[in-house]
Amino acid sequence: MREKQGRQWIVAGAAAVGLLVGLFVVASCQRQTKIRPVEKATTTAVSSEQAMADKEQIAKKEQAAREELAAKREQAAKDARMAWWRDARFGMFIHWGLYAVPAGMYKGKRVDGIGEWIMNNGKIPVADYEKYAQQFNPIGFNADEWVRRAKSAGMKYIVITSKHHDGFCLWDSKVTQWDVMDATPFKRDILKELSAACRQHGVKLCFYHSIMDWHNPDAQAPFYPNYNDTSKSNPEFDRYVETYLKPQIAELLTNYGPIGVMWFDGEWIKDWTEPKGKDMYAYVRGLQPKIIINNRVGKGRKGMEGLSESGEYAGDFGTPEQQIPPTGLPGVDWETCMTMNDTWGYKSYDENWKSSETLIRNLADIASKGGNFLLNVGPSPEGLFPRAIEQRLEDMGKWMAVNGQSIYGTTASPIGRPEWGRCTAKGDRLYLHVFNWPADGKLDVPLAGAKPAKAYLLADRKRASLPVAAEQDKVTISVPANAPDAIDSVIVLVTNKK
Ligand code: H79
């Protein structure tokens, strides 16, 4: 289908170029006819000048047509590459590494902030932090179970921290001993096991990889006690990029099968530049042409809001962090990443969990704005998901088992944000996500001039029709007295739009 569309564009583009050339040949002939009566000597000069100008015009138009064609081709190729990700809408983020061992405590004291930042926030020297590796022995880790839990929650992809800012690697990296195989008693390649489980369950495996590195002496390690110092530069940073970071990316994109997304982070450091971002983008695509890359590969991200500044910045999608944009943006791909409590990496005492209701409504809210939801889990040092996480994943899975089609493959709401909830769209269907069930049994949908074919509850297997009354500026659906789902009941409204 996509390929066919691409071919159609090529044919259309070629026809456009042909048409333009044809038009200009005709136009210049007409002009020459008009100037014929003028005196002979000047006529020759004028007509040759005119011919030159016409030629230039034709060349310009042809160039513009070629550029337009190239842009269309590029867009079609991007659409094909992004298709699975746009369909998926829901993924699991996994932050796991040595920071799970201290779990938010250093020298008997709680360290404020997100758990995976403990090395920076607790001002832990590299040599001290390295000791956590000897304690990393997560014998409860079961890749198959993690992937099954993600899948039964309705998640289509998993993004795991191959390396976070502390530099510790969850796979057997050949360029360092600072990895799970060489530095810990566990000695199992976590990414290998996850890639096998993901393949088996049809879940896309993706890697989060930090550009910032607090352990590497050519990167931020010498900035101790403030590894995140954004005013400092390391004169050997290029050596880190060429002999460490890039070889690691090559390992990750060569030895673990097809990877869905390369999710970069820590790009705000002084030494990382947009040209380096563009070079990395090309390098990653060179290794796996179909891969998708987030906008933190370069310098285009606007703070935690995460969307890219306008202009030619590298990256395929925006990355709002811990927030949901107020509205979607047409033609812009984005993914909100969010924690279930207040930390990404495991902290033993963070119990500030979002409710399942909040998480399910966030998912609907994000889909209604055309985005993806990347929901984080921080496994324990034993390799287990805390019970609070399991519970929320199960609740989301139950809701998705009934309502998944109102999320997967949908696009942003064509009717804005209705007062009772949210709306997603797919083909001729609107999915009405009713958060606040109408007490009077009447659900008003702000849909002007529509003649809906049918409405039914997504939870109703029989798809019994609900009475629909169309008025000029709205459609009113008569609904049962009780909401089928206390959190988000979905009504399918089949419109006549194709
Ligand atoms: O991996 C998780 C966090 O550890 C990581 N991103 C998620 C996915 C994260 N990194 N930093 N933060 C979260 C918060 C830090 C923000 C800041 Fe900045 C870095 C403030 C100043 C430098 C963001 C980037 C705002 C400006 C630049």
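**Pockets and salt bridges**

Reader: How is a pocket to be read here?

Author: On a 1 Å grid over the protein atoms alone, a pocket is an open set of points where a 1.4 Å probe fits, with protein on both sides within 12 Å along at least five of seven lines; lining residues have an atom within 4 Å of a point. Grid points are joined across faces, edges and corners, and a volume is the space filled by probe spheres set on them. Residues are numbered from 1 along each chain as its sequence is written, and side-chain values use heavy atoms, without hydrogens or water. As the model is predicted, local features need pLDDT of at least 70 and side-chain atom pairs 80 or more, whereas totals for chains, interfaces and linings use all residues.

Reader: Which helix supplies the largest share of the lining of the largest pocket?

Author: Helices are DSSP runs (H or I, at least four residues), and strands are runs of E (at least two), numbered from the N terminus. Here α2 supplies the largest share, seven residues; α2 (40-88) and α9 (274-287) each give at least two.

Reader: What is the volume of the second largest pocket?

Author: The second largest pocket has a volume of about 510 Å³. Of its 20 lining residues, R86, R89, D333, T410 and T411 are the closest to the centre. Helix α2 again gives the most to this lining, with six residues.

Reader: How many salt bridges does the whole structure contain?

Author: Side chains of opposite charge can pair when their charged atoms come close. The criterion is a side-chain nitrogen of Lys or Arg within 4 Å of a carboxyl oxygen of Asp or Glu. The whole structure has 29 salt bridges. One of them joins K163 and D213, with the closest N and O atoms 2.8 Å apart. This pair links distant parts of the chain, 50 residues apart: K163 belongs to strand β4 (residues 157-163), and D213 to the loop between β5 (204-210) and α8 (237-252).

Reader: Are K163 and D213 buried or exposed?

Author: Buried means under 20% relative accessible area, exposed over 50%, and partly exposed in between (1.4 Å probe, protein chains only). Both K163 and D213 are buried. In another pair, E274 and K278, the closest N and O atoms are 2.9 Å apart. E274 counts as buried because its relative accessibility is 13%, whereas K278, at 37%, counts as partly exposed.
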